[in-house]
Amino acid sequence: MLFSCNFLSSASVVHEGTPVKDVVIKPDAPSALILDKHADYIAAYGSKKDDYEYTLSEYLRMSGIYWGLTVMDLMSQLPRMNCEEITEFIQSCQHECGGISASTGHDPHLLYTLSAVQILALYDNVQAVDVDKVVQYIQTLQQEDGSFSGDKWGEIDTRFSFCAVATLALLGKLDTINVDKAVEFVLSCMNFDGGFGCRPGSESHAGQIYCCTGFLSLTGQLHRVNADLLGWWLCERQLPSGGLNGRPEKLPDVCYSWWVLASLKIIGRIHWIDKAKLRAFILACQDEETGGFADRPGDMVDPFHTLFGVAGLSLLGEEQVKPVNPVLCMPEVVLRRIGLEPDLLS
Amino acid sequence: MAEFEKEVSVLVQRVVRDISNAFKKNPNIDEIGIIPCPEPRYNRSPIVLVETKLGLESWCVKFLLPSLHRKLLLYRQRKNYLDREALVDVTVTLLLLNPDFTTAWNIRKELLQCGVLNPEKDLYLGKLALTRFPKSPETWIHRRWVLLQILQQCYAQKDCRKEQGEGYLCHTEATGSSQNLCTHQARLLHQEMAVCSEAAGRYPSNYNAWSHRIWVLQHIAKDNVEVFLDELSSMRLWVSMHVSDHSGFHYRQFLLKALVTELCKSPESTATATLRQQGITTSGERAHLKDTRPAFGLEESCKEWQPGVVTVPRLFDLEVDFCSELIHSYPGHETLWCHRRQVVFLWYQWRREHPNFPGNTNEDDALHFCGISKDNGQACSSTETSVNGLTCGGDAMEVDGLPDPQDATLVKRGLLMSCSLALHAEHSYVSSLLDNCCNLEQRRFALAYKKWLGSIIRQ
Ligand SMILES: [Zn+2]
């Protein structure tokens, strides 16, 4: 699932009156990348879950597996995960309609269909599911105005436009939908600040911007973005701590750092931010004891922020991990194998 | 182990029943919460109802959630039967504990479709879930689906509105751009605005709450100028009290943009829009907000919106002034500077698209300049109207090519209203602010704004 930040702890603390808008990185915060710890953390994650927490997050299980596997692959540790078990699980989640659900017994959705196809692409095994049916499922979700609903119940969001084209691109089937109409809809969600929201008229949001620039990259329409205006908005997300937030006056966060950074990379403006400071912020979000990354220094780690921490470092040029593709958040080497090369502005 | 499982099963059934009974006993429950309580208290139900607040003791949640979750998924895989009543009860409890469990909402959609559930009940359940999880995306998504069902029903019944019964009363055309909302739509609108405000208050810059609010306006109020103006007016106080809430300010930008579009669309409202309260407004909400903190310039602001006439330049003037006021009172808030950019950008763009319209906010001048007589209410629409030798059209007018040199004052005014003037005003605003400002954050944002004016809005 895209941007399900703090999905396990919705009880966010609100400081009334004295807004805290940035964090201070302590001098003893981690400053070196501890990859072994992260790999151990992810490898052990599935097994030690208690019943309650496992239940709470089951509605996004498929995305959870994608986060874990992708970060393992970026760290060249994919063989530690159980390929066979995961493939069988994915197969058990494909429904009659062709769509794939977050877990067995849950209802199919575009979000988890994309995650499943991403996982299978990591394993070079998309044929493990019925690809034609996946394509049909996505086709039926396109609306007259070009938008996509996330499932048969009709909710529209630019996130789902991204899910649709990303899944089809990974399957080499982008020509099966009305791409022109799809592009038209995404462009109708562009705002004055150059950013994008979930629907026409909605506020710009770093996560939605990532989806929309990613969408325009995959459909070869990046020239329709006002790169300077959008780049301006994106690089203003960087705070004195070095971390990036997703909207003005929000706290910096490792996952938003990824969305903003990836969007900047897609529109060719990554050099507009202070990379060294961002790197220091991301490194400070590691937990040296347990492994894994948190949203901010000192918070609880989770696989979601661990993926986006490592992927962010990769985009910043970290050589200990594989180069990541900014559009699909997967190792470049996987996309090369498929023959997929999403556009980037220079 | 088997003994333990049996105990859990009995406990779970009891809790689900108690919750269901609590709602039957008190249909006005307006908030839910978890009561920190690590151990069960002897022979007491973990459900606590205090007035209109429903609490659940924390110790039971870790048994309750996994057990009900499994039950529902087994049903979904046709491995276990649950009757409709059980489905209703199980999904209520599950969704109050974990409102992003999409499949549970979907099961309720199916129950709604076959008439087992009342759509209003689901709006109520969602509202309760939002008191604990004000961002929950799936709760908002389900809400929109339910609202669409109600609206469709509403439209379907407009033809048989004369029939008796307590069906939905719709007096408007289904998709028409009427300024009137039927009573049912008006009530829905009011209810949704209240739910959004509540969630916006519980979590700052609540993206899902504010984008829902926009969706509701787009689907229920469509192009209703009165509702938009009323929202703009009632939100003035809210944003004054939440000057860091970027989503709240974006909502104002959305309203401004929608109003500008509407005011330029229909002939009689191009220059003027008559505002009359029709009992469809969110005034109840405003009253609710009023007593939380002394109004920030509310007295004046309400007066500004309520009189009969609002022009586009007046809207922009008021908004820029409001923004200056806030920037002055609450220095160092990035959101306020972002808002200024958006408003100025919108204004600048509008001026460019409507070069004939004076930047002047005096209504008579405005009308006169456009060659519009107040009485016939004709307007600067996209069709060309030639009055007083001036071409007043939607297309950009060449200032150089003004046909009548005698009309010197008009030419002058035409130049005065040019975009560069507005830009100058903004530049001098920042300069004078920087001259007297020692707040570091404020200076940082002011300098960024100045730079933005220079690079983004340059001609
Ligand atoms: Zn995050």
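A search of the whole predicted structure finds eleven cavities of 30 Å³ or more. In this predicted model, local features need pLDDT of at least 70, side-chain atom pairs count only at pLDDT 80 or more, and totals for chains, interfaces and linings use all residues. Residues are numbered from 1 along each chain as its sequence is written, and side-chain values use heavy atoms, with hydrogens and water left out.

Me: How much space lies in the second largest cavity?
Reply: A cavity is a set of points, on a 1 Å grid over the protein atoms alone, where a 1.4 Å probe fits but cannot get out. Its volume is the space filled by probe spheres set on the points, which are joined across faces, edges and corners. For the second largest cavity this comes to about 120 Å³.

Me: Which element gives the most to the lining of the second largest cavity?
Reply: Lining residues have an atom within 4 Å of a point, and helices are DSSP runs (H or I, at least four residues) numbered from the N terminus. Helix H10 (227-235) of chain A and helix H14 (334-353) of chain B each supply at least two lining residues. With four residues, the one that gives the most is H14(B).

Me: Is A:Glu203 buried or exposed?
Reply: A:Glu203 is found in the loop between helix H8 (179-187) and helix H9 (206-218) of chain A. Buried means under 20% relative accessible area, exposed over 50% and partly exposed in between (1.4 Å probe, protein chains only). Because its relative accessibility is 3%, A:Glu203 counts as buried.

Definitions and conventions:
Chains lettered and ligands numbered in written order. 1 Å grid on protein atoms, 1.4 Å probe; cavity = no way out; pocket = protein on both sides within 12 Å on 5 of 7 lines; lining within 4 Å.
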